[in-house]
Amino acid sequence: MLTLILTVMITLHPIGYVHNKCMESMTPERIKQEISEIEILPEYAEGLKSVEACRYLDLVFYLHQNECVQFTTLIRTGEERGVFATRSPFRPNPIGLSSVKLIGVEFREKEGPVLIVEGADLLDMTPIYDIKPYIPYADSHPEARGSFATAHSDDYLQVQFPPELLNKI
């Protein structure tokens with residue numbers, strides 16, 4: 001079998017940028033608790049028509065703080081996995097996908113259109129390349145398995161603080 005390999009240069013232009021309090025990488029569980037604002041560049045504002053009818057959106061973004069590629073990575077259990085079997089940000093092509101809940105759409109005098117979202121595992125100033133509506137009948141996979149992540153999805157730690165420390169918070 002003959003395989004033809006083409007190398008294609010692709011140019012992508014951000015349609016907007018993420019704004020939140022997350023300046024450095026942290027666990028997905030932690031970062032997804034943040035409310036983020038997606039500032040849409042004015043030339044793409046028309047593309048938001050009717051987006052408020054969507055409850056969830058998929059954001060295609062640039063992993064802008066990655067400086068290396070790792071084809072294997074250690075997961076939380078200490079096991080080594082291939083990058084395509086993990087959610088590692090250190091990928092051959094630095095693009096990512098984040099599914100978010102749309103909280104609201106605002107038009108601000110200074111910034112222009114802004115999407116308010118919950119659940120984005122993105123850092124502040126992450127460039128957004130595209131926004132797609134999450135469509136349950138097309139995007140949901142009820143029979144899906146989460147690989148290594150599912151095995152520990154119900155694991156919880158109980159953290160206890162002495163009352164004298166809690167009073168300082």
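Glu-106 is partly exposed, with a relative accessible area of 37%; buried here means under 20% relative accessible area, exposed over 50%, and partly exposed in between, with a 1.4 Å probe and protein chains only. The structure is a predicted model, in which local features need pLDDT of at least 70 and side-chain atom pairs count only at pLDDT 80 or more, while totals for chains, interfaces and linings use all residues. Residues are numbered from 1 along each chain as its sequence is written, and side-chain values use heavy atoms, with hydrogens and water left out.

Glu-106 forms a salt bridge with Arg-108, and the closest N and O atoms of this pair are 2.8 Å apart. A salt bridge is a side-chain nitrogen of Lys or Arg within 4 Å of a carboxyl oxygen of Asp or Glu. Side chains of opposite charge can pair when their charged atoms come close. By this rule the structure has four salt bridges. One of them joins Glu-79 to Arg-81, with the closest N and O atoms 3.2 Å apart; Glu-79 is partly exposed at 38% relative accessibility, and Arg-81 is partly exposed at 23%. Another links Asp-130 and Lys-132, where the closest N and O atoms are 3.2 Å apart. Asp-130 is partly exposed because its relative accessible area is 30%, and Lys-132 is likewise partly exposed at 43%. Through shared partners, salt bridges join Glu-37, Glu-106 and Arg-108 into one network.

The interior may be considered next. A nonpolar core is a set of buried Ala, Val, Leu, Ile, Met, Phe, Trp, Tyr and Cys residues joined through side-chain atoms within 4.5 Å. The largest such core has 19 residues, and those with the most contacts inside it are Ile-38, Leu-57, Leu-115, Ile-128 and Ile-131. At least two residues of this core come from each of E2, E3, strand E6 (95–108), E7 and E8; helices (H or I, at least four residues) and strands (E, at least two) are DSSP runs, numbered from the N terminus. Strand E3 gives the most to the core, with three residues.

Leu-57 lies in strand E3 and is buried, since its relative accessible area is 0%. Contact means heavy atoms within 4.5 Å. With neighbours within four places in sequence left aside, the contacts of Leu-57 include Val-51, Val-100, Leu-102, Leu-115 and Ile-131. Leu-57 and Val-100 are 43 residues apart in sequence, yet their C-alpha atoms are 5.4 Å apart in space.

Two strands pair if DSSP finds at least two bridges between them. E1 pairs with E2 in the antiparallel sense over four bridges, and Tyr-17 stands opposite Glu-39 in E2. E1 also pairs with E8 in the antiparallel sense, over two bridges; here Tyr-17 stands opposite Pro-127 in E8.

Glu-34 is located in the loop between helix H1 (28–31) and E2, and it counts as buried because its relative accessibility is 13%. Apart from neighbours within four places in sequence, Glu-34 is in contact with Lys-21, Cys-22, Val-117, Glu-118 and Gly-119. Thr-73 belongs to strand E4 (residues 72–74) and is buried, with a relative accessible area of 15%. Again leaving aside neighbours within four places in sequence, Thr-73 is in contact with Glu-79, Glu-80, Arg-81, Thr-86 and Ser-88.

Two loop residues have backbone angles worth noting. Ser-50, which is not a glycine, has a positive phi of about 75°. Ser-50 is placed in the loop between strand E2 (35–40) and strand E3 (56–62), and it is partly exposed at a relative accessible area of 43%. Met-125, also a residue other than glycine, has a positive phi near 70°. Met-125 sits in the loop between strand E7 (112–118) and strand E8 (127–133), and is partly exposed at 40% relative accessible area.
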